Protein chains: 2
Amino acid sequence: MRVVLATRNQHKVDELRRILATYDVELLSLDDVGVTDEVVESGATFADNALLKARAAAAASGLVAIADDSGLAIDALNGMPGVLSVYWAGRARDDAANLRLVLEQMEDVPDERRGAAFVCAAAAVTPDGREVVLEGRCEGTLIRAPRGEQGFGYDPIFVPTGEGRTTAEMAPEEKDAISHRGKAFRALAPKLAELVRPRSS
Amino acid sequence: MRVVLATRNQHKVDELRRILATYDVELLSLDDVGVTDEVVESGATFADNALLKARAAAAASGLVAIADDSGLAIDALNGMPGVLSVYWAGRARDDAANLRLVLEQMEDVPDERRGAAFVCAAAAVTPDGREVVLEGRCEGTLIRAPRGEQGFGYDPIFVPTGEGRTTAEMAPEEKDAISHRGKAFRALAPKLAELVRPRSS
């Protein structure tokens, strides 16, 4: 099945290709299908934004589109940066600046209040308007200085519950097995076949 | 009555002197009473932090101490920057950088979701451990570009409900009449006399 992945983030494309490698899905990028429009991610929730992106890509391409919206929900920041995770330090979408800012904001927050979760909403939308959206979570805590070179975003300061390493210290396949995005898209994959099957009336 | 004001923020000292001008309270600064220790504001709430500061100042000075912890609670940021308002853009406590960062984080947030409130917790603590803490709120919305030269912090982007001007476009006395800090400290003032009166047994 040919599916458009509604993201321009190459890290996400790579992750999704790995996560969906065992499924009968041919992942096309927005560039592959010639979609150039940018979607303003103005939703209040991850699910809102994932649907916004998938709907726009399905409408523009005429294909089934999948999208995710993901972020870090920090307990001591009342669930923020959340949907603003990539813009946290400003519009420049600077991973290093975002991570540095979170560490400064959390500087006085004691160890017992450093809980956080990576959250991913994965959406699939057909050109005729059928939709499904699912959420995956990875619970953990935030450390005080970055560790590890893998992954991206806030991975270097996030230690999943029951782990000693940050998600930036894990091999990509190890991270996929427990990650918010891995959980959400593995749950979404079997729904894709249902979505493209003709509706029974 | 001599009272120590547990803050090193000159803007707050000035506001409090105005707000309490009609009460029989002689406000001393931390410098006036020779307190040099800094309190780590590690509380999860405005009330926690106001009490932390007032307790430390009462213990160090042997006088009744009052303190506030205040901030901007933005709906679209789940109530943040909240207790982190002064540190929002980093540890430099840079008002202009904090304001700029909030505007960038809120850039895609539509007008109908730009609600916010200034919140102040005002605490009074006696050297023998009697405590009172009260909250004042000022509800409003956030505009998209700063206006006005009065006030400080986030005042230039905050328009109180029912007003056309930002709190930075109001005369100090006008702002005091509706502000979170004005409300909290006017409520606290009559409690001060009760606090220093000997307990009836």
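Chain A of the model folds into 5 helices and 6 strands. The model is a predicted one. Read from the N terminus, the elements of chain A follow the order β-α-β-α-β-α-β-β-β-α-α. The C-alpha trace of chain A extends over about 55 × 30 × 30 Å along its principal axes. A compact globule of 201 residues would have a radius of gyration near 17 Å, and the value for chain A, 17 Å, therefore agrees with that expectation.

Burial and contacts were then computed for chain A. Of its 201 residues, 52% count as buried. Among contacts in chain A with a separation of 6 or more, 60% are between residues 24 or more positions apart.

The largest nonpolar core comprises 65 residues. Within this core, the residues with the most contacts are L77(A), W88(A), L142(A), L77(B), W88(B) and L142(B). The element that gives the most to the core is strand 4 of chain B (residues 115-125), with 7 residues. One of the residues with the most contacts in the core, L142(B), was examined for its partners. When residues up to four places away in sequence are not counted, L142(B) touches L72(B), I74(B), V102(B), M106(B), R114(B), A116(B), I157(B) and F158(B).

Over all chains, the structure holds 3 aromatic pairs. In one of them, the ring centres of W88(A) and W88(B) are 5.1 Å apart and the ring planes stand at 80°, so the pair is classed as edge-to-face. W88(A) is located in the loop between strand 3 (64-74) and helix 3 (95-105) of chain A, and W88(B) in the loop between strand 3 (64-74) and helix 3 (95-105) of chain B; the pair therefore joins two chains. Both W88(A) and W88(B) are buried.

A further pair is formed by F118(A) and F158(A), whose ring centres lie 4.5 Å apart with planes at 55°, so this pair is tilted. F118(A) belongs to strand 4 (residues 115-125) of chain A and F158(A) to strand 6 (residues 158-160) of chain A, so the pair ties together parts that are 40 residues apart in sequence. F118(A) has a relative accessible area of 6% and is buried. F158(A) also counts as buried, at 0% relative accessibility.

I157(A) is placed in the loop between strand 5 (131-142) and strand 6 of chain A. The relative accessibility of I157(A) is 0%, so I157(A) counts as buried. Apart from neighbours within four places in sequence, the residues in contact with I157(A) are L99(A), V102(A), L103(A), T141(A), L142(A), I143(A), A145(A) and P146(A). V196(A) lies 39 residues from I157(A) along the chain, and the C-alpha atoms of the two residues are separated by 39 Å.

Notes. Residues numbered from 1 in each chain as written. Chains lettered and ligands numbered in written order. Predicted model: local features only at pLDDT ≥ 70, side-chain atom pairs only at ≥ 80, totals over all residues. Heavy atoms only, no water. Phe/Tyr/Trp six-rings, centres within 6.5 Å; stacked < 30°, edge-to-face > 60°. Helix = DSSP H or I, 4+ residues; strand = E, 2+ residues; numbered from the N terminus. Buried < 20%, exposed > 50% of the residue type's maximum accessible area, 1.4 Å probe, protein only. Rg over C-alpha atoms; globule rule 2.2 N^0.38 Å. Contact = heavy atoms within 4.5 Å. Core = buried A, V, L, I, M, F, W, Y, C linked by side-chain atoms within 4.5 Å.
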